[in-house]
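Please walk through this structure with me, one element at a time.

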Amino acid sequence: MADFQANSRPFAQLDRSGRTRRLRRLAEAALTAYDVPVARLTPLGHGLNTTFRVDSADGHRYVLRVQRPDGPGAAQVRSELAWLAALRRETDLVVPLPVPTRGRDLVTVVADPAVPEPRTCVLCHWVEGRFVDERLGAPQLYAVGEFTARLHLHGARMNGLDRGRVDDLTDFGRTQVDGFSAAVVDRAVAQAGGDERIRETVARVRAVRAGLGYGADVFGLVHGDLQQENYLFHRGRVRVVGFDGCGFGHYAYDLAVAHAALGRLPQRDELREALLDGYRSVHPAAATTDPEVLDAFAALRNLQLRLR
């Protein structure tokens, strides 16, 4: 009786483990679109998206991502994967390598009666490495800075991809022509219980964006979430994952996310300087690494997370 009730309960009423069980069945259906002999499927996490580790019978390992229903649509996800494929094809940067379906598509859209809406799913090769977290040192952050700069130089050439802006204030802002419009800001203030400081942050970031301009030296396709959970190390080299939030924005936004995320570590000043030094060694754009610019985008990022 308990199993029947769990299976018949509306998806929205399930706890995290219950939703993951439902999405596992959907993930199993998605994997039938790929030429991968699946031996084992293991849940990895359930955040905005849900991911599974896929161990194949031939010894290879993959990651299957089940996209959240209110996130980027299939066309935008294809653009994300097109960038990843181009990075692997045109550079030596290590990022997830997409696996095409038997039909040569980079995504598959799957429906399941126990899940309220169809989900976009993607499969990528597993990226080997380890997350260092509190043991991070300056040489590693220098490498992260170099990697980020090279990522941006490549992203500057990817103007035709269907991805949104990473710096829109809210989800509602992403539906508007101007993600900082008066209507967007008014809604954000109301959502935050009338906190008028939001207007100050938006005005500050608007001024910074205007000062930077939108040339290819400061603006292009960026990762969007460069924090410790998304870079790892293997044999001394940095590798970056978690591109599902990628989009167009100022390069300083990416650096600001990485820079601010180091604030919880005791050696943060040394690590932050190493990050910026590594970035400047490849892309010496003074405006992108300016402390006031980074502070403004860090404030915006905190506000975005608060309003999510």
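In helix 8, the buried residues are Y251, A252, Y253, D254, L255, A256, V257, A258, H259 and A261. Buried means under 20% relative accessible area, exposed means over 50%, and partly exposed lies in between, with a 1.4 Å probe and protein chains only. Ten of the eleven residues of helix 8 are buried, so the rest of the structure largely encloses this helix. Its buried residues pack against helix 4 (138-155), strand 6 (219-222), strand 9 (247-250), helix 9 and helix 10 (291-307). Contact here means heavy atoms within 4.5 Å. Helices (H or I, at least four residues) and strands (E, at least two) are DSSP runs, numbered from the N terminus.

The model is predicted: local features need pLDDT of at least 70, side-chain atom pairs count only at pLDDT 80 or more, and totals for chains, interfaces and linings use all residues. Residues are numbered from 1 along each chain as its sequence is written, and side-chain values use heavy atoms, leaving out hydrogens and water.

Now take one partner of helix 8. Helix 8 (residues 251-261) and helix 9 (residues 268-282) pack at an angle of about 155°, and their axes are 10 Å apart. Axes are lines fitted to C-alpha atoms, for helices over the stretch in contact; angles run from 0 to 180 degrees between N-to-C directions. The two helices are therefore roughly antiparallel. That label applies to angles over 145 degrees; under 35 is roughly parallel, 65 to 115 roughly perpendicular, and the rest oblique.

Which residues meet? Helix 8 brings Y251, L255, A258, H259 and A260, while helix 9 brings R272, L275, L276 and Y279. By class, this contact has seven nonpolar, one polar and one charged residues. Ala, Val, Leu, Ile, Met, Phe, Trp, Tyr, Cys and Pro count as nonpolar, Asp, Glu, Lys and Arg as charged, and the others, Gly among them, as polar.

Next, the hairpin. Strand 7 (residues 231-234) and strand 8 (residues 237-240) pair in the antiparallel sense over four bridges. Pairing requires at least two DSSP bridges between the strands. H234 has R237 in strand 8 as its bridge partner. Two residues separate the strands. R235 sits in that turn with a positive phi of about 55°, although it is not a glycine. At 78% relative accessibility, R235 counts as exposed.

R104 also has a positive phi, near 70°. R104 lies in the loop between helix 3 and strand 4 (108-110). Its relative accessibility is 64%, so R104 counts as exposed.
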